[in-house]
Amino acid sequence: MTGWTRQDIPRARSAVTEPVAAGMEAFAQSWASAIIGTSYVPMTKAEVVDHLRGLTELLVEALLADTFRTSAAHEVGIRLVEAHFTGTETLDRTVQLMGDELLIELGRDGEPHLRSRIAALQGSLSAGYAQSLRERTLDEQEAIREAVLDARDHAEAALRASEARFRAVFAEAAIGMGISDTDGNILEVNQSLQDMLGYPASELRQRNLRSLMHPADAESVWGFYEQLLHGERDHFRVEKRFNRRDGQAVWTHLTISLVRDDDGQPAYQVAMVEDVTDRHLLQNRLRYQALHDPLTTLPNRALFLERLSKAFDGGSIGPRIGLCYLDLDGFKVINDSLGHDIGDQLLVSVANRLDESVAGDGRLVARMGGDEFVILIEGSTGTQSIVDIADRVLDSLTAPIRIDGHELSVSASIGLVEREVSGTTSADLMRDADITLYWAKADGKSRWALYDPERNAREVARFTLSATMPAALERDEFYVDYQPLVRLEDSKVLGVEALVRWQHPEFGRLAPDRFIELAEETGLIVPLGRWVLRKACQQARRWLEAFGDATPFVSVNLAVRQSRDPALVNDVKSILEEFALPPHLLQLELTESAIMGTADEPLEALRQLSGMGVRIAIDDFGTGYSNLAYLKHLPVHELKIAGSFMEGMRAADGADPVDAKIVSTLVSLAHALGLTVTAEGVETPSQAERLRKIGCDAGQGWLFARPGRPDQIEALF
Amino acid sequence: MERPEIDLRSASVARIFDYYLGGAHNFAVDRELADAAAKLMPELPRMMHLHRRFLARAMGHVVEQGVTQFIDLGSGLPTPGGSAEVARRLDPSSRVVHVDIDPAVEAHGKRLLDAADSAVVVGDMCDPDAILDHPETRRLLDFSRPVGLLLVGVLDFVGYDVDLPAIIARYRDRVVPGSHIVLTNFSVDSHDEQYQRTEQLYRDHTIDFHPRSAAEVTDLLAGFELAEPGVVDVSLWRPEAVVEDLDEHPERSAVHVAVGRKP
């Protein structure tokens, strides 16, 4: 393999004498100097010298042999090459050195027969060297050529195996695959694609990708494809429908990739097609299920909201939109009495009737849940159009529904909203329809109600007031005005009625009619009434200190709920004590109904109050229903005649004789029972004069004073 | 799949090296390019000799440290003075894995090398894990013992776009302490006109050449303890007499070399 490893060279000892050995050593040294560097040999200089020493021995032996033979020189030439002394100058210098120095070093320079032997040895060495180098070169050439060819064969075999594998992958893949040229002409398709589309490969190869366009394809599909054709896009992935040869539709995930050549130019298109028809159908079914009510098969709330928001996201059919929010009347009763099964069947029947009666373009009937349905009318043409639909719906429900032998009559209440799409939102629309449905229910059911923004505003305001009232009471937004009760005989102020006001931060000063009713509904009237009572008593105490005996009583209204409050007596007592107010300076006003309609307990409370010395007055007397016989058993001190009777006593001459007669009778009655009488709503001097003539004790009204702040009222004391 | 190019019409670095070393494992196309390059830079063949001699000296040092298994990255053709031969001479039980990107090296090596103590792996030295995990590598070498990493005459052909420090670090991390690295890289002054023309000549034959500075070479050896005398010119790394004899112009050898040990 490598020729340089030292080998023992046989020595012919006979020819080697001392001077000859010295000469050989000198020659070997010179030889090494001459040829080192002419070739690459992986030896140190000492190793080179060692090697050449052996070769020198061979040469000298042959030179001095009795029988001259040149074969040793031939061998030396071979060994030089084996030691990798293959450089071009190596032989040149070796031959030259042999001729110039070998005989001189051996001290045999003058022997002609040796000179001719040298020439022969030079020739033989050169021949051996040339032969060996030639063989070595041919061997190495052969070796490297075979190596390269082997490597290439190996690579080609690997390539063929690789190609075979890829072909198998292409042919056997479960996914459909096809290759087309840059114009879209189909070149190859695999079995899966043939199966998927129902065309044999021979037929597909005749076609162009564009011929597989489907009318339902999204525009983007072919837009992407154009970009791919122009090399602007390397791949795209879309969901696309294909028509099978038998006409059936196949839904696929299609990926088309552009394959470029070494220069980056488009070379092929590769399509991968995955059949997702089953998945697609399943998705459709799941989507249907997600968006429809399983009982009635109507669209459900989700679908309705989707359509509604689409209508508001620029997808509206027309500029206006309408909503019918429908709720069955009394459905719960049917459900509870006949069972849910009947209830469900009823809902199905109602759903069918709704669907039949309003079906049409731009109309969506949906079940919102329970017995609530909604009809969305896109592109409505005005209030009348939606009212017509509501009428038709109510009409469709008039015929009884037969279920399992039951004849069920159902009715529905409908809230209607119809307006322009712009300027409202889907949430507003829903909320207003919901409110309006509530109105329809509140107005008596089996009817529709049309959304009325003013009514809504009122209710919103009412709601706002009632919601903010508790906080307002804590924040001292209420205050009390006073209106005098004046003795008709001499205009002396006998008492003042406490009238609560609300200084609302948003709505301004509010009269009691705006909030007392609300307070009664919410129950806040009890703490509010107590607050007024306390304020009035506090004021009375101040007046008592200022005016002494001239101090008028304060008359405080007592609401029905207050009169039934078990804590009433204690509250009054503690408030009077708190301000050390003599009880006779307090009058409580109750309406007829509050007193007459009461059971024993409240009456007992009034008796106790009366017993304490507190005055009790019946307010607005004559407008309710009074049991006159009962009146005399009541702990009452005064009647206040309702202002409505004053109407007929306005003009001096044209007075209504009936009103005057009634007032006159009431006064007589009161006096008969030992009660004083105050007329409310006195506005003119003639009214006052007539009342005085009748014998009425006192009057209250604008003629004497409007309700005012305490300091304004004091001036009249 | 990666398909190595086998083309008899283009020159091969491995065969050019062989030619410079006096071998005949080469083709006309290799010799033409080698002769043309040598005309521009007459010291090129001598540089090849210097590489081989350094390889022998460095391997001698490494074997003295008790390391007898080697990975010769970018081995070239296993011709005279190659790592297999040197190793066998130093210690008959040595083992050498030859790695070269040229598939012909593998085919050639399989003919020349004894399968018991050497192997040839076709691969890219820039993918350390692929080389170290190659079945032939695992077959021949015992990674629980130190390994000698030989990178002689190969980094010159690794481009600057490759993160060479990271690659060498990966080799370093995967061998046990006591392992060695033997490394060379041309340091030719890139402004030298002859060099530029030579480089262009190689490039025309799709062979790119990448000299590196001493600092860059030192960076490559991060994590190794350098054997004396550190990063030096090839003619100055523990020279022997024969080298001095050959080396008439040490200043023109211009090859950085170093031997390092993983502590």
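Modeller: The crossing of α4(A) and α5(A) is right-handed, meaning that the near helix is turned clockwise from the far one by less than a right angle. Helices here are DSSP runs of H or I with at least four residues, numbered from the N terminus. This is a predicted model, in which local features need pLDDT of at least 70 and side-chain atom pairs count only at pLDDT 80 or more, while totals for chains, interfaces and linings use all residues. Residues are numbered from 1 along each chain as its sequence is written, and chains are lettered from A and ligands numbered from 1 in the order in which they are written.

The axes of α4(A), residues 88–106, and α5(A) come within 10 Å and cross at roughly 165°, the axes being lines fitted to C-alpha atoms over the stretch in contact, with angles running from 0 to 180 degrees between N-to-C directions. That angle makes α4(A) roughly antiparallel to α5(A), a term for angles over 145 degrees. From α4(A), residues including A:Leu91, A:Val95 and A:Met98 meet residues of α5(A), among them A:Leu114, A:Ile118 and A:Tyr129, where contact requires C-beta atoms, placed from the backbone, to lie within 7 Å. The residues of this helix contact divide into ten nonpolar, three polar and one charged; Ala, Val, Leu, Ile, Met, Phe, Trp, Tyr, Cys and Pro count as nonpolar, Asp, Glu, Lys and Arg as charged, and the others, Gly among them, as polar.

Turning to the partner chain, 27 residues of chain A are in contact with 30 residues of chain B. Helix α5 of chain A, residues 112–172, gives the most to the side of chain A that touches chain B, with 15 residues.

Key: Two residues are in contact if their C-beta atoms, placed from the backbone, lie within 7 Å. Helices (H or I, at least four residues) and strands (E, at least two) are DSSP runs, numbered from the N terminus. Angles under 35 degrees count as roughly parallel, over 145 as roughly antiparallel, 65 to 115 as roughly perpendicular and the rest as oblique.
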